[in-house]
Amino acid sequence: MTATRARAWTALMLAGLVLGTGTLPAVDDQGQHGAAACAEETEAVAGMPTAELGLPGGKHLRVRVAATGADRAAGMQHLCAEAVDATAILFVFERPRRPHFHMNNVHAPLDIAFIAPDGRIVEVHRMTPDQETLTSPGEPVAAALEVAAGRGAAYGLAAGAVVEMPAGLPGRAGN
């Protein structure tokens with residue numbers, strides 16, 4: 001995606017936010033989101049079911065599962081940095097696709113791992129709150145895992161590594 005298209009997409013998304021809420025999130029003079037614009041938990045995240053994701057090396061991670069369009073749209077938005085640090089969200093799709101992730105209203109940097117239907121991690125990217133471009137994988141994926149920046153490496157998330165998806169999720173190989 002070109003930078004011009006990404007800026008247009010961001011402007012369109014912000015326009016939708018203004019139409020939906022009547023305001024933009026609070027921003028201080030350094031361009032950072034103000035404390036009033038974040039929460040320790042959002043209704044969207046609290047309503048997401050949880051599951052255990054098998055990590056490389058045999059460890060497990062409790063994740064929130066964003067399997068509906070509304071849950072995927074909400075993601076980590078409006079969570080304070082401390083809440084982002086304590087939250088992992090697994091975005092799952094009904095069928096493999098090339099999703100686009102933004103950082104609007106996200107208050108802390110994230111690592112995002114894009115996951116193929118067989119559990120293989122195809123790419124890992126770092127996203128930052130001031131990022132104006134969308135982040136997408138180079139190929140269709142069945143899921144994406146968002147964790148606080150730096151946690152991806154700590155969890156062994158790297159291209160080629162394999163995670164064990166929770167049973168019964170859409171987009172899982174064999175489902």
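**View 1. Salt bridge between E41 and R64.** In this predicted model, the closest N and O atoms of E41 and R64 are 3.9 Å apart. The contact falls inside the 4 Å limit for a salt bridge. E41 is partly exposed, at 48% relative accessibility.

**View 2. Salt bridge between D85 and R151.** Here the closest N and O atoms are 2.9 Å apart. Two helices are joined: D85 lies in α4 (residues 81-85) and R151 in α5 (residues 151-154). These are distant parts of the chain, 66 residues apart. D85 has a relative accessible area of 38%, so it counts as partly exposed. R151 is also partly exposed, at 30% relative accessibility.

**View 3. Salt bridge between R97 and E94.** The side chains meet at 3.0 Å, N to O. R97 has 30% relative accessibility and therefore counts as partly exposed. E94 is partly exposed too, at 42%.

**View 4. Network of R72, E94 and R97.** Salt bridges link these three residues in a network. The contact between R97 and E94, at 3.0 Å, is one of the salt bridges shown.

**View 5. Salt bridges in the whole structure.** The structure holds eight salt bridges. Among them are E41 with R64, D85 with R151, and R97 with E94.

Notes
Residues are numbered from 1 along each chain as its sequence is written. This is a predicted model: local features need pLDDT of at least 70, side-chain atom pairs count only at pLDDT 80 or more; totals for chains, interfaces and linings use all residues. Side-chain values use heavy atoms; hydrogens and water are left out. Buried means under 20% relative accessible area, exposed over 50%, partly exposed in between (1.4 Å probe, protein chains only). Helices (H or I, at least four residues) and strands (E, at least two) are DSSP runs, numbered from the N terminus.
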